Amino acid sequence: VWAPGHAATLALGYWLGGERGLYLTTPVLGLLALAALWLLAIVALRAWPVGTRHLAAGAAVALLATSFEQLDRQLTPMADLPAQLFSILTLYWALRSARSRSLWPAALAGLCLGVAFDMRYTQVLLAPAMAWLLVAGARERGARQPFKALGVCAGAAALAALPVLRYHQLAFGGPFCVGSEELALFSLDAMRRTLPR
């Protein structure tokens with residue numbers, strides 16, 4: 001019913017540490033998400049003075065770390081924190097790619113986006129903002145082929161999403177078919193029905 005990505009990380013945690021490893025997987029991924037947020041804030045605020053940048057990054061991490069939702073998600077083996085981790089890493093690498101001549105950050109951004117999709121299907125909505133960032137960053141640097149980074153990113157994302165799309169094909173009859181009717185609630189038509197409530 002759900003995206004199978006976090007089930008794979010839980011299986012890895014169980015394989016490495018048994019039942020204890022299974023229960024530690026989600027909190028460890030949550031701690032890694034806080035570290036990734038620190039990195040994202042440092043890169044996003046690079047124009048700020050170093051001391052102010054570190055203070056702002058620390059404040060962002062403290063706010064997230066002490067929020068009720070974050071603490072609650074640490075205690076349940078759900079896909080929220082792993083999806084958060086890979087979404088933050090997607091944005092981090094996309095920002096790094098926008099400021100780099102190398103294609104490696106774009107590939108890593110795509111890989112993280114694909115893994116985030118594997119954790120939660122709705123994370124694919126990061127793709128339009130990421131595409132704009134990659135193309136705008138390449139043009140700002142005067143790159144002759146501004147869409148090259150975008151192509152590398154898309155290829156890496158597709159590669160990471162391929163196992164899940166194959167699973168959909170085998171289990172549900174098509175790569176974009178899912179076993180949950182929950183995604184139907186994630187539409188413009190659902191807004192018309194739920195907004196009055």
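How far is the sulfur of C112 from the closest cysteine sulfur? The gap is 9.5 Å, to C153, so the two are too far apart for a bond. A search of the whole structure turns up zero disulfides (pairs of cysteine sulfur atoms within 2.5 Å). C112 is buried, at 9% relative accessible area, while C177, at 35%, counts as partly exposed; buried means under 20%, exposed over 50% and partly exposed in between, with a 1.4 Å probe and protein chains only.

A word on the source: this is a predicted model, where local features need pLDDT of at least 70, side-chain atom pairs count only at pLDDT 80 or more, and totals for chains, interfaces and linings use all residues. Residues are numbered from 1 along each chain as its sequence is written, and side-chain values use heavy atoms, without hydrogens and water.

Next, look at α5 (residues 104-119) and α6 (residues 126-140), which pack at about 175° with their axes 12 Å apart. That makes α5 roughly antiparallel to α6, a label for angles over 145 degrees. M130 turns up again here, among the α6 residues making the contact (heavy atoms within 4.5 Å).

Conventions:
Axes are lines fitted to C-alpha atoms, for helices over the stretch in contact, and angles run from 0 to 180 degrees between N-to-C directions. Helices (H or I, at least four residues) and strands (E, at least two) are DSSP runs, numbered from the N terminus. Angles under 35 degrees count as roughly parallel, over 145 as roughly antiparallel, 65 to 115 as roughly perpendicular and the rest as oblique.
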